[in-house]
Amino acid sequence: MTSKGKTRRMVSVGLCAAAVAAVLAAPAQAAQQASGDAAGGDAAGSKGPSWNLKNTGADVRFRGLAAVSRTAAWVAGSKGTVLRTADGGRSWRNVSPPGAGELEFRDVEAFDSRRAVVLAIGEGEASRVLRTDDGGASWTESFRNTDPKAFYDCITFFDSRHGLAMSDPVDGTYRILSTGDGGKSWKVLPNAGMPAALPGEAAFAAGGQCLVSSGPKDVWLATGGGATARVLHSADRGLNWTVADSTIPAGDPARGVFALAFRDRAHGIAVGGDYRGDQVSPLAGAVSSDGGRSWQQSKTPPPAYRSGVAWLPHSRSGALAVGPTGTDLTLDGGRSWRTVDTGSFDTVDCTPDFGCWASGEKGRVARLEF
């Protein structure tokens with residue numbers, strides 16, 4: 001890179017860092033986009049950073065989201081729908097796999113604007129993994145579950161080659177799939193290093209964040225449904241796991257930890273609650289500073305169920321949490337939250353170039369604008 005190019009990049013990063021500083025300095029103004037419908041644009045009279053709704057032309061629920069950059073993103077959802085944008089959301093290309101209309105996509109992981117992996121959930125053969133190398137022009141099915149006891153929920157990648165997918169417990173332990181070739185092939189890992197699941201325990205395929213990674217080998221798995229909502233951690237790409245209780249209530253099939261985000265191998269945030277709209281979720285947030293070995297309850301948690309969470313780029317303390325009733329912002333690493341938007345989203349994802357995206361029901365996709 002030339003010295004002039006380096007200077008441009010430094011200026012660009014500086015301006016974006018200033019934009020994030022504005023988020024942290026003005027939480028009451030962050031993400032003040034009115035809830036609106038999916039065809040909405042900039043909020044009239046919006047002050048400060050806000051969610052800018054993009055017109056996807058779709059009406060399905062997008063629980064799968066992969067932010068590539070401020071200009072590129074993928075979303076995946078119901079009715080086998082996959083969309084991608086390469087122009088910041090001004091236009092969306094329907095790149096749904098042919099014949100996938102009966103599949104329920106709940107997670108998508110993208111390496112760039114051309115290469116992506118999507119996970120379909122469900123019992124037995126409904127759980128599948130598909131991969132594209134040409135921007136969705138063609139897809140290859142690389143895994144189809146044949147075990148009627150398995151139900152895959154989430155997928156994550158450490159890099160462009162190594163990744164994992166997880167299933168709800170099979171014969172008493174969570175099942176882990178592994179790939180070393182970018183999702184072209186998969187194998188079931190041995191379960192000798194996996195702790196036993198609690199009775200009734202499972203993961204939630206609510207926003208693609210029940211299995212998350214940070215760095216080359218660390219991965220975390222979020223649970224609910226059992227007597228205690230727990231977080232499992234592996235430091236060797238899924239071979240051996242430890243487990244810790246979270247502070248988020250469980251004890252019911254609808255309650256537990258729904259989403260995790262780690263900004264490094266030590267600092268994590270957990271959100272969740274009870275996904276039923278008529279039930280309260282008073283303790284829906286928790287934080288960890290030791291890689292998930294222990295969790296502390298958020299002093300001021302999100303006020304309702306949240307299914308997605310993401311750290312703000314280049315920030316040690318700022319993060320966003322989303323759910324059907326709104327978006328919350330934390331300025332202190334997840335210890336306290338305040339609602340800054342009431343629009344419905346299921347998941348959120350941010351990129352190092354300050355591209356923060358959110359997606360959810362009725363085709364809703366938005367990008368955080370500064």
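**Cavity, core and aromatic pairs**

Tyr 174, Arg 175, Ile 176, Leu 189, Pro 190, Asn 191, Met 194, Gly 238, Leu 239 and Trp 241 line the largest cavity. Here a cavity is a set of points, on a 1 Å grid over the protein atoms alone, where a 1.4 Å probe fits but cannot get out, and lining residues have an atom within 4 Å of a point. The model is a predicted one, in which local features need pLDDT of at least 70 and side-chain atom pairs count only at pLDDT 80 or more, while totals for chains, interfaces and linings use all residues. Residues are numbered from 1 along each chain as its sequence is written, and side-chain values use heavy atoms, with hydrogens and water left out.

The structure holds one cavity of 30 Å³ or more, and the volume of the largest cavity is about 40 Å³. Its lining divides into seven nonpolar residues, two polar and one charged.

Among the lining residues, Tyr 174, Ile 176 and Trp 241 also belong to the largest nonpolar core, which has 16 residues. Such a core is a set of buried Ala, Val, Leu, Ile, Met, Phe, Trp, Tyr and Cys residues joined through side-chain atoms within 4.5 Å. The residues with the most contacts inside this core are Leu 164, Met 166, Tyr 174, Ile 176, Leu 211, Leu 221 and Trp 241. At least two core residues come from each of the strands β11 (163–170), β12 (173–179) and β15 (218–222); strands are DSSP runs (E, at least two residues) numbered from the N terminus. Leu 221 has contacts (heavy atoms within 4.5 Å) with residues including Met 166, Tyr 174, Ile 176, Leu 211 and Trp 241, not counting residues up to four places away in sequence.

Aromatic rings provide a further set of links. There are 11 aromatic pairs, counted where ring centres of Phe, Tyr and Trp (its six-membered ring) lie within 6.5 Å; planes over 60 degrees apart count as edge-to-face. The pair of Trp 74 and Trp 139 is edge-to-face because the ring centres are 6.5 Å apart and the planes stand at 85 degrees. Trp 74 lies in strand β3 (residues 73–76) and Trp 139 in the loop between β8 (128–132) and β9 (140–144), 65 residues apart. Trp 74 is buried at 1% relative accessible area, and Trp 139 is buried at 13%; buried means under 20%, exposed over 50% and partly exposed in between, with a 1.4 Å probe and protein chains only.

Phe 258 and Tyr 275 also form an edge-to-face pair, since their centres are 6.2 Å apart and their planes at 80 degrees. Phe 258 is buried at 1% relative accessibility, whereas Tyr 275 is partly exposed at 45%. Together with Phe 204 and Tyr 305, these two residues form one aromatic cluster.

Methods: Helices (H or I, at least four residues) and strands (E, at least two) are DSSP runs, numbered from the N terminus. On a 1 Å grid over the protein atoms alone, a cavity is a set of points where a 1.4 Å probe fits but cannot get out, and a pocket is an open set with protein on both sides within 12 Å along at least five of seven lines; lining residues have an atom within 4 Å of a point. Grid points are joined across faces, edges and corners, and a volume is the space filled by probe spheres set on the points. Ala, Val, Leu, Ile, Met, Phe, Trp, Tyr, Cys and Pro count as nonpolar, Asp, Glu, Lys and Arg as charged, and the others, Gly among them, as polar. Rings of Phe, Tyr and Trp (its six-membered ring) pair if their centres lie within 6.5 Å; planes under 30 degrees apart count as stacked, over 60 as edge-to-face and the rest as tilted.
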